[in-house]
Amino acid sequence: QVQLVESGGGSVQAGGSLRLSCAASKVIGSSYCMAWFRQVPGNQREGVGFIAVADWPSNTPKVDYADSVAGRFTISHDKTENTLYLEMNSLRPEDSGTYYCAARGRIGYCYAKSSASEFNYWGQGTQVTVSS
């Protein structure tokens, strides 16, 4: 069983930045998909950033973002630390919510339209609050 632990949430003013981290308790596999979702009360979890982790020939990870965060958020993964990151810049009040790290033991369809139900490993969530 893989455990995911998020950190880095907090409160910032609009235009500010935050960096979220998600440490995995063990290597998930040789190739897999990891993602950040966010959720506000009353809404379903929304996919924010996705990364397909594998030994790509170009050594360039395959990433995808929700339209609402593209150009402002950057997802990355450090294999040596087994940690997923989400760099969030130019934050807006509508970015507020609980951010969850997710993973599954295959790449599959690792894009922003992926459903939360397709992921079987989840972190406990970290709160992000952006004030105007």
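Modeller: Let's start with one term: a contact means heavy atoms within 4.5 Å. Also, keep in mind that this is a predicted model.

Biologist: Okay. What share of the contacts between residues at least 6 apart join residues at least 24 apart in sequence?

Modeller: In the protein chain, that share is 62%.

Biologist: How many helices and strands are there?

Modeller: Zero helices and eleven strands. Along the sequence the pattern reads β-β-β-β-β-β-β-β-β-β-β.

Biologist: What about overall size? What box do the C-alpha atoms fill?

Modeller: Roughly 40 × 30 × 25 Å, taken along the principal axes.

Biologist: And how does the radius of gyration fit with a compact globule?

Modeller: It agrees, because a compact globule with 132 residues would have a radius of gyration near 14 Å, and the protein chain has 14 Å.

Biologist: What percentage of the residues is buried?

Modeller: Buried residues make up 46% of the 132. The accessible surface of the protein chain is about 6700 Å². Carbon and sulfur atoms hold 46% of that surface.

Biologist: Which residues line the largest pocket?

Modeller: The lining is Ile51, Ala52, Val53, Ala54, Asp55, Trp56, Asn59, Thr60, Pro61, His77 and Lys79. By class, six are nonpolar, three are polar and two are charged.

Biologist: Which strand gives the largest share of that lining?

Modeller: Strand S5, residues 46-53, with three residues.

Biologist: Let's pick one from the lining. Where is Asp55?

Modeller: Asp55 sits in the loop between S5 and strand S6, which covers 62-65.

Biologist: Buried or exposed, that Asp55?

Modeller: Asp55 is exposed, because its relative accessible area is 66% and the cut-off for exposed is over 50%.

Biologist: Where is Ile107 itself?

Modeller: Ile107 is in the loop between S9 and strand S10, residues 121-122.

Biologist: And why does Ile107 count as buried?

Modeller: Its relative accessible area is 18%, and buried means under 20%, so Ile107 counts as buried.

Biologist: How far apart are Ile107 and Cys22?

Modeller: They are 85 residues apart in sequence and 18 Å apart in space, C-alpha to C-alpha.

Biologist: Okay, what about phi at Ser90?

Modeller: Ser90 has a positive phi of about 50°, although Ser90 is not a glycine. Ser90 is in the loop between S8 and strand S9, residues 97-104. At 42% relative accessibility, Ser90 counts as partly exposed.

Biologist: Last stop, strand S11. What does Thr129 touch?

Modeller: First, its place: Thr129 lies in strand S11, residues 126-131. Not counting residues up to four places away in sequence, Thr129 touches Gly10, Ser11, Val12 and Ser96. Thr129 is partly exposed, at 34% relative accessibility.

Biologist: How far is Thr129 from Gly29?

Modeller: Their C-alpha atoms are separated by 33 Å, and the two residues are 100 apart along the chain.

Biologist: And Ser131, what does that one touch?

Modeller: Ser131 lies in strand S11 too. With residues up to four places away in sequence left out, Ser131 touches Val12, Gln13, Ala14 and Pro93. Ser131 is partly exposed, with a relative accessible area of 33%.

Biologist: How far is Ser131 from Ser115?

Modeller: Between their C-alpha atoms there are 28 Å, while along the chain Ser131 and Ser115 are 16 residues apart.

Technical notes: Residues numbered from 1 in each chain as written. Predicted model: local features only at pLDDT ≥ 70, side-chain atom pairs only at ≥ 80, totals over all residues. Heavy atoms only, no water. 1 Å grid on protein atoms, 1.4 Å probe; cavity = no way out; pocket = protein on both sides within 12 Å on 5 of 7 lines; lining within 4 Å. Helix = DSSP H or I, 4+ residues; strand = E, 2+ residues; numbered from the N terminus. Nonpolar A, V, L, I, M, F, W, Y, C, P; charged D, E, K, R; others polar. Rg over C-alpha atoms; globule rule 2.2 N^0.38 Å. Buried < 20%, exposed > 50% of the residue type's maximum accessible area, 1.4 Å probe, protein only. Areas by Shrake-Rupley, 256 points an atom, 1.4 Å probe, with all protein chains shown as cover.
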